[in-house]
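Hi,

Here is the structure I promised to send over. Have a look at it first, and then read on for what turned up.

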Amino acid sequence: MRIEILLCDDIVFYSRMRTFLASKEIYKETGQIFWNDFGKKWFVCINNKGKTIGVCAYVKTKKNIIFCSDYVLPEYRNRGIYDKLFEVRMKECPDLPIKAVATKQSLGTFLRHGFVSRKVKGKFTVVERGKNG
Ligand SMILES: CC(C)(COP(=O)(O)OP(=O)(O)OC[C@H]1O[C@@H](n2cnc3c(N)ncnc32)[C@H](O)[C@@H]1OP(=O)(O)O)[C@@H](O)C(=O)NCCC(=O)NCCS
């Protein structure tokens with residue numbers, strides 16, 4: 001298993017991401033469509049057979065980092081793949097405050113990585129991590 005860091009204009013981006021972008025399954029489960037915006041940095045977990053099994057990303061704004069597009073294929077969950085992606089993303093992102101909207105499935109990982117809950121909005125929790133934790 002390995003993690004690649006990709007931008008949407010990298011040559012392998014669409015081959016790595018093909019089952020994740022505009023995916024009906026992801027839309028059904030999360031209500032979200034994963035966009036390939038310029039400047040958005042992707043972290044892509046690829047298994048030993050070359051299959052992309054999980055992704056996450058961040059977007060940088062003037063003042064913040066926004067974590068987004070976090071997804072691990074259902075059959076590969078609960079074995080620490082998201083945690084590995086999360087660790088690499090934390091190491092690679094600029095030293096700015098980070099914001100995200102966590103789901104019930106991701107909240108534990110955010111809290112373990114030093115985020116705090118700001119408010120609960122239905123099924124979601126707004127989380128933040130200050131500069132330097
Ligand atoms: C959220 C999501 C990305 C997590 O992916 P994952 O790879 O299953 O995450 P992990 O395996 O790292 O962690 C999940 C849980 O398994 C536990 N775990 C980690 N390694 C484990 C192992 N080897 N054996 C058993 N459990 C393990 C973690 O402690 C964690 O527990 P918690 O829920 O109490 O925090 C995945 O569930 C998903 O794609 N959900 C749908 C979309 C979504 O909610 N995205 C998040 C948007 S912010």
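This is a predicted model: local features need pLDDT of at least 70, side-chain atom pairs count only at pLDDT 80 or more; totals for chains, interfaces and linings use all residues.

S69 sits in strand β4. Is S69 buried or exposed? S69 counts as buried because it has 24 C-beta neighbours inside 10 Å, and the cut-off for buried is 20 or more.

N78 is another residue to look at. N78 is not a glycine either, and its phi is also positive, near 60 degrees. You'll find N78 in the loop between β4 and α3. N78 has 9 C-beta neighbours inside 10 Å, so it counts as exposed; the cut-off there is 12 or fewer.

Now for the core. The largest nonpolar core has 26 residues, and F43, V44, V55 and C56 are those with the most contacts inside it. Which elements each supply at least two residues of this core? They are β2 (41–46), β3 (52–60), β4 (65–72), α3 (81–92) and β5 (98–102). The largest share comes from β3, with five residues. As a general point, nonpolar side chains in soluble globular proteins tend to be buried together.

Leaving aside its neighbours within four places in sequence, F43 is in contact with I3, I5, V55, C56, A57, L85, V88 and R89. Two of the names in that list, V55 and C56, are also among the residues with the most contacts inside the core.

Cheers

Note on methods: Residues are numbered from 1 along each chain as its sequence is written. A nonpolar core is a set of buried Ala, Val, Leu, Ile, Met, Phe, Trp, Tyr and Cys residues joined through C-beta atoms within 7 Å. Helices (H or I, at least four residues) and strands (E, at least two) are DSSP runs, numbered from the N terminus. Two residues are in contact if their C-beta atoms, placed from the backbone, lie within 7 Å.
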